[in-house]
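Subject: A structure for you, with notes on its salt bridges

Hello,

Here is the structure I promised to pass on. Have a look at it first, and then read on for what turned up among its charged side chains.

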Amino acid sequence: MIPEMPVGTLIADLLSEDDTLRISAESTLKDLSPEAVLPEISALLRSHEKRIRNRGMELFCCMGCVSVPSLSVLLSDDEWTVRYRAAESLGIIGGDAACALLVPVLQDERDHVRYMAAKGLGLSAYIQSADAVACLLNDENEFVRASAARALGLMNLAAYAPAIECALACEEYEKTRDVMAEALVCLGRTR
């Protein structure tokens, strides 16, 4: 029997630039109890380094559905960067439990977090959130508006095409207009 690797060593290997160490650590990760590893991964989201926060998000995704309760707690963190990465993880993990947590996040005070919640709901094609996502077509931030339009396009719900067309008619940012037009194409409408 191989002795269990200390969690601190595992986390260091998971953050390593060495591909062999990282891949080995990822395979070990699946053998450890979530209670031992998830608090350590949560701490990565608080790093001042974007690369480490991103790696933390990837590790939550690697753990899968078992991460959802920990991510749920992180959605209410004081730091927007933590909420952003938690929302990103939930959107990638997908499924009803993860996506249901993202719907209230569409109202987050920080535009980056709203953007990521809409993106995740679109990637997961969580159609139960379509009404809430459609409200973001009028968000104050152009990136959030674009994310909402893209999400509705990915959900493939033609009933939302008129709302996107209305938002497009008022949109002044060219890149956001382009995303809205692409969403309409996904919904069978042409520009």
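A residue counts as buried when its relative accessible area is under 20%, as exposed when that is over 50%, and as partly exposed in between. Please keep in mind that this is a predicted model.

By that cut-off R114 is buried, because its relative accessible area is 6%. Its partner in a salt bridge is D139, with N and O 2.8 Å apart. The two belong to distant parts of the chain, 25 residues apart: R114 sits in helix α8 (residues 111-123), and D139 in the loop between α9 (130-135) and α10 (142-155). D139 is buried as well, at 11%.

Helix α10 also supplies R145, which pairs with E171 from the loop between α11 (161-170) and α12 (174-186), 26 residues away.

R46 and D77 meet in a salt bridge at 2.3 Å, N to O. R46 lies in the loop between α3 (34-44) and α4 (50-63) and D77 in the loop between α5 (68-74) and α6 (80-93), so their contact ties together parts that are 31 residues apart in sequence. D77 is buried at 14%, whereas R46 is partly exposed, with 43% relative accessibility.

Finally, E26, R55 and E58 are joined in a network of salt bridges. The total for the model is 11 salt bridges.

Methods. Residues numbered from 1 in each chain as written. Predicted model: local features only at pLDDT ≥ 70, side-chain atom pairs only at ≥ 80, totals over all residues. Heavy atoms only, no water. Salt bridge = Lys/Arg side-chain N within 4 Å of Asp/Glu carboxyl O. Helix = DSSP H or I, 4+ residues; strand = E, 2+ residues; numbered from the N terminus. Buried < 20%, exposed > 50% of the residue type's maximum accessible area, 1.4 Å probe, protein only.
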